[in-house]
Amino acid sequence: SLEALIEGGFKILDKESDIEEKAFQNDDIEQLYKALAVLTEEQKWLVEQVYCHDRKQSEIAAELGIDATSIRDRLRVIYKKIKNFFNK
């Protein structure tokens with residue numbers, strides 16, 4: 001029953017929840033996914049390594065056998081592509 005769900009900790013409506021804010025967040029996430037779609041697979045991999053796995057640029061550079069400044073340069077290109085996407 002509905003009463004059992006509520007008593008068991010199930011909430012029908014979270015009064016602290018801001019539906020409008022969640023809608024904006026969902027829109028922002030959707031826009032970010034669209035922006036990431038303009039990246040190459042290698043660029044997406046680099047973004048994932050840096051931002052999802054919190055890997056250091058020097059660590060990634062060592063894995064790839066390149067200089068750490070190359071990773072920084074690649075990230076600058078990525079930032080520029082994403083910025084251009086949002087400025088359209």
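The questions and answers below go from the overall fold to single residues.

User: What kind of model is this, and how are its residues numbered?
Analyst: This is a predicted model, in which local features need pLDDT of at least 70, side-chain atom pairs count only at pLDDT 80 or more, and totals for chains, interfaces and linings use all residues. Side-chain values use heavy atoms, with hydrogens and water left out, and residues are numbered from 1 along each chain as its sequence is written.

User: How many helices and strands does the protein have?
Analyst: Helices (H or I, at least four residues) and strands (E, at least two) are DSSP runs, numbered from the N terminus. From the N terminus on, the order of elements is α-α-α-α-α. The protein accordingly has five helices and zero strands.

User: What share of the residues of the protein count as buried?
Analyst: Buried means under 20% relative accessible area, exposed over 50%, and partly exposed in between, with a 1.4 Å probe and protein chains only. The protein has 88 residues, and the share of them that count as buried is 17%.

User: At what angle do H3 and H5 pack?
Analyst: Axes are lines fitted to C-alpha atoms, for helices over the stretch in contact, and angles run from 0 to 180 degrees between N-to-C directions. Angles under 35 degrees count as roughly parallel, over 145 as roughly antiparallel, 65 to 115 as roughly perpendicular and the rest as oblique. H3 is therefore roughly perpendicular to H5. The axes of H3 (residues 41–52) and H5 lie 10 Å apart, at an angle of about 105 degrees.

User: Which classes of residue make the contact of H3 with H5?
Analyst: Contact means heavy atoms within 4.5 Å. On the H3 side it involves Gln43, Leu46, Val47, Val50 and Tyr51, and on the H5 side Ile71, Arg74, Leu75, Val77, Ile78, Tyr79 and Lys81. Ala, Val, Leu, Ile, Met, Phe, Trp, Tyr, Cys and Pro count as nonpolar, Asp, Glu, Lys and Arg as charged, and the others, Gly among them, as polar. By class, the contact has nine nonpolar, one polar and two charged residues.

User: Is glutamine 43 buried or exposed?
Analyst: Glutamine 43 lies in helix H3. Leaving aside neighbours within four places in sequence, glutamine 43 is in contact with Val77, Ile78 and Lys81. With a relative accessible area of 13%, glutamine 43 is buried.

User: Which residues does isoleucine 82 touch, not counting those up to four places away in sequence?
Analyst: Isoleucine 82 is found in helix H5 and is buried, at a relative accessible area of 16%. The C-alpha atoms of isoleucine 82 and lysine 34 are separated by 9.4 Å, although these residues are 48 residues apart along the chain. With that sequence limit, isoleucine 82 touches Ala35, Leu36 and Leu39.

User: Why are aspartate 73 and arginine 76 separated by about one helical turn?
Analyst: Both residues belong to helix H5 (residues 68–86). Because they are three residues apart in that helix, their separation is about one helical turn.

User: What is the phi of aspartate 54 near?
Analyst: Most residues other than glycine have a negative phi. Aspartate 54 lies in the loop between H3 and helix H4 (57–64) and counts as exposed at 63% relative accessibility. Its phi is positive, near 50 degrees.

User: Which residues form the aromatic pair?
Analyst: Rings of Phe, Tyr and Trp (its six-membered ring) pair if their centres lie within 6.5 Å; planes under 30 degrees apart count as stacked, over 60 as edge-to-face and the rest as tilted. A search of the whole structure finds one aromatic pair. This pair is edge-to-face, with 5.3 Å centre to centre and 85 degrees between the planes, and is formed by phenylalanine 85 and phenylalanine 86.
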